[in-house]
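Biologist: I have a model open and would like to learn how to read it. Could you take me through it feature by feature?

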Amino acid sequence: MNMNPPRVKVAAIGVIIVLLFAGSVHARIQPYAQNPCYWEYDGQPVFLIGGSDRDNLFHWAGEGTKLTDHLDLLKNSGGNYIRCTMNSREYTPDGYRWDLLPYPFAKVDGKYDLRKWDETYWKKLRTFLSETKRRGIIVQLEIWDRWNEWGNSNVTKGANGWFHSPWNPNNNVNYDWSDSPLLKPGQTPFYNKFHLAAVTNDPVLLPYQQRFIRKIIDEVIDGGFDHVLFQIDNESGIGDESLEPDPYWAQFIRDYGRSKEPSCELYVCTSRRFHWPDPFAGMRFQDWNNPDVRVPIVHPAFNYCDISQNNGNAGQTHYDNILWYRTKVLEHGARPINHVKCYHFNWPVGYGEPETAKTFWDARSAPGDDEAGAKFWRAIFAGAAGLRFHRHTTTQPGGLREGFGLSPEGQRHLRSMQEFLNGIHIFSMTPHNDLLSERAENEAYCLAEPGRQYAVFFTSDADGRVRIKLVPSEHPLQLRWFDIATSRWEQKTTVPPGDTALLKTPSAGHWVAVLTITCL
């Protein structure tokens, strides 16, 4: 007879609990254990690619099948990565509107109460997170969006989120203009000083801001949404050389996550602006003294990076900047580098303050679809861990196209990228342009695991002919050409053993050459 059945049951239950808990930690999105330059999810390495036609896609929840149709289109195109801003900005043919979508807070007698939540807003977020998790789509969630809190508190016209914002004292029952020195009626600075509450430890504003962010984390962790990455701000440029309050909020998010679940490690970045009117706009990207570059890498509050704004550059400079940044990251410990916005236009990074804002906007240019697509591939060949096409809508009527989004062009590149990734093991490859010779500027870019696999992306610049250095081997190599325009592999050919090989694209356009050792 078993004299100790209770002890056996307790032991068994204890083992089950430990295994379930360990499994939940194992599943969460986190840097890939075998190569922290990339991500893993559900215990498997995952490369993040995506695109969407909206930044705050969760607002589509409840509008029939609009949200799920878009997510299905992303998934069916090969994508698994999406951006989610927490703002309430609507896109209309006439430009942005801030008075059409729900906000986080409930209204009482016509004004917001920052102590009460708007259930419609949060239900939309929960639905969005549930539908993305169901499809294995990783979400990069942006807490603050400076455009929501910029503008004139008294003027409703134009790109003016502040007029309608619940944080505007005119619109809530919780505080007045005189309650904080950070609040001034009328026109805000480009970066509203409202966001400095964490820097000054403002006794009025900071508790409400903390409560809002705790609510977001509650929704993510309590809902079991282990597929969420966090970003503090959109195009952040607020703060001095410390970049505060971005590090404050990053640490706040991570600490609060651990307070709810001790083994929970949330991944948080900041995305800096790198151009006017950022206070360091006149500094070069490749400058370690530039706080916008240095602090997100070295500050312990951040545990991954996003350098989307570099995608405003083009050609060789675009690639060289990513490679230089990656080198600095590796010097301080490997971590993923994401690009949640891949632009269609060229954006003048490192651009100092112009005489008027209009001259800055005029400095942007449209490079054409070939270069816009090349940015996507070039960033990945420079070691990016994740890349998403920015929405294809314009900022204002008649403006430049923002990105490919999930337009037919965006879908095509996503399908091609997924097909290409299926043909290699990118998680063991690194950028290796040092292996290329007889190469013109911006002609070709190389990823390699020398001696095992090589991939070379051709941009369509120059004559499409480069030489690649190989690890000498007695075995021949298999060469496959991949046509990005059609998402098709050409017939395999054999490259005889040797220490170099000459690669020539089959025709004009974007191509990738993949070489693998045949004995593997």
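Predicted model: local features only at pLDDT ≥ 70, side-chain atom pairs only at ≥ 80, totals over all residues.

Modeller: Happy to. Let us begin with burial: a residue is buried under 20% relative accessible area, exposed over 50%, and partly exposed in between, using a 1.4 Å probe and protein chains only. Residues are numbered from 1 along each chain as its sequence is written, and side-chain values use heavy atoms, with hydrogens and water left out.

Biologist: How many helices and strands does the protein chain have?

Modeller: Helices (H or I, at least four residues) and strands (E, at least two) are DSSP runs, numbered from the N terminus. Here there are 11 helices and 25 strands. For overall packing, take the radius of gyration over C-alpha atoms and compare it with the globule rule, 2.2 Å times the number of residues to the power 0.38. The protein chain has a radius of gyration of 24 Å, close to the 24 Å from the rule for 520 residues, so it is as compact as a globular protein of that length. Its C-alpha trace spans about 90 × 80 × 45 Å along the principal axes.

Biologist: What share of the contacts join residues at least 24 apart?

Modeller: A contact means heavy atoms within 4.5 Å. Among contacts between residues at least 6 apart in sequence, 69% join residues at least 24 apart.

Biologist: How should I read charge pairs?

Modeller: Side chains of opposite charge can pair when their charged atoms come close. A salt bridge is a side-chain nitrogen of Lys or Arg within 4 Å of a carboxyl oxygen of Asp or Glu. This structure holds 35 salt bridges. One of them joins the side chains of Asp55 and Arg391, with N to O at 2.8 Å. Asp55 sits in the loop between strand E4 (48–51) and helix H2 (66–76), and Arg391 in the loop between strand E15 (386–389) and helix H11 (408–422), 336 residues apart.

Biologist: Are Asp55 and Arg391 buried or exposed?

Modeller: Both Asp55 and Arg391 are buried. Now look at Asp72 and Arg135, whose side chains meet in a salt bridge at 2.7 Å, N to O. Asp72 is in helix H2 and Arg135 in the loop between helix H3 (119–134) and strand E10 (138–145), so this pair ties together parts 63 residues apart in sequence. Asp72 counts as partly exposed at 31% relative accessibility, whereas Arg135, at 15%, counts as buried.

Biologist: Which residue forms a salt bridge with Glu142?

Modeller: Arg83 does, with the closest N and O atoms 2.6 Å apart. Glu142 lies in strand E10 and Arg83 in strand E5 (residues 81–85), 59 residues apart. Glu142 is buried at 1% relative accessibility, and Arg83 is buried at 1% too. Salt bridges that share partners join Asp55, Arg83, Arg89, Glu142, Asp145, Arg388 and Arg391 into one network.

Biologist: Let us finish with a single residue. Which residues does Ser437 touch?

Modeller: Leaving out residues up to four places away in sequence, Ser437 touches Val466 and Arg467. Ser437 is found in strand E17 (residues 436–437) and is partly exposed, with a relative accessible area of 33%. From Ser437 to Val466 it is 29 residues in sequence and 6.1 Å in space, C-alpha to C-alpha.
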